[in-house]
Amino acid sequence: FTGNVAIRGRILSGIVRSTKMKRTLVIRRDYLHFVRKYQRYEKRHKNLSAHVSPAFRVRDGDTVVVGQCRPLSKTVRFNVLKVVPAA
């Protein structure tokens, strides 16, 4: 991670969905939600925008670790800390 913005709060991971923006990417976080009535789980997901430093080489499908920081724009509240390339 490069930059002088403080990382505080949550550390999350997800899969890169889109790198079309300049210095920003969209990650998808999949999780399971339990439905009590049926005693089963359903798949759900959330998309999350994160700032990515030009020092990182990121492609769609890579797994990234992001850390929470101050709001950088209307939707961006996370910063990419680590990139794990897709096999």
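Two residues are in contact when heavy atoms of each lie within 4.5 Å. By that rule, valine 58 touches Val16, Thr19, Leu25, Val52, Val64 and Val83, leaving aside residues up to four places away in sequence. This is a predicted model.

**Overall layout**

The protein chain has five strands and zero helices. Read from the N terminus, the order is β-β-β-β-β. Along the principal axes, the C-alpha atoms fill a box of roughly 45 × 30 × 20 Å. The chain holds 87 residues, and buried residues make up 30% of them. The accessible surface comes to about 6500 Å². Carbon and sulfur atoms hold 50% of that surface.

**Strand pairs and hairpins**

Strand β1 covers residues 11-21, and β2 covers residues 24-35. Strand β3 spans residues 40-51. The table sets out the two pairings.

| Pair | Sense | Bridges |
|---|---|---|
| β1 and β2 | antiparallel | four bridges |
| β2 and β3 | antiparallel | twelve bridges |

Phenylalanine 34 has tyrosine 41, in β3, as its bridge partner. The hairpin of β2 and β3 has four residues between the strands. There, glutamine 39 takes a positive phi near 50°.

**The nonpolar core**

In soluble globular proteins, nonpolar side chains tend to be buried together. Here the largest nonpolar core has 14 residues. Leu25, Ile27, Val58, Val64, Val66 and Val80 touch the most other members. Each of β1, β2, β3, β4 (63-68) and β5 (78-84) supplies at least two residues of this core. The largest share comes from β5, with three residues.

**A nonpolar patch outside**

Which residues form a nonpolar patch on the surface? They are Phe1, Ile7 and Ile11. Together they have about 250 Å² of accessible area. Phenylalanine 1 is found in the segment before β1. Its relative accessibility is 38%, so phenylalanine 1 counts as partly exposed. That class lies between buried, under 20%, and exposed, over 50%.

Notes
Residues numbered from 1 in each chain as written. Predicted model: local features only at pLDDT ≥ 70, side-chain atom pairs only at ≥ 80, totals over all residues. Heavy atoms only, no water. Pairing = 2+ DSSP bridges. Core = buried A, V, L, I, M, F, W, Y, C linked by side-chain atoms within 4.5 Å. Buried < 20%, exposed > 50% of the residue type's maximum accessible area, 1.4 Å probe, protein only. Patch = residues over 30% accessible without salt bridge, like charges linked within 9 Å, V, L, I, M, F, W, Y side chains within 5 Å. Areas by Shrake-Rupley, 256 points an atom, 1.4 Å probe, with all protein chains shown as cover. Salt bridge = Lys/Arg side-chain N within 4 Å of Asp/Glu carboxyl O.
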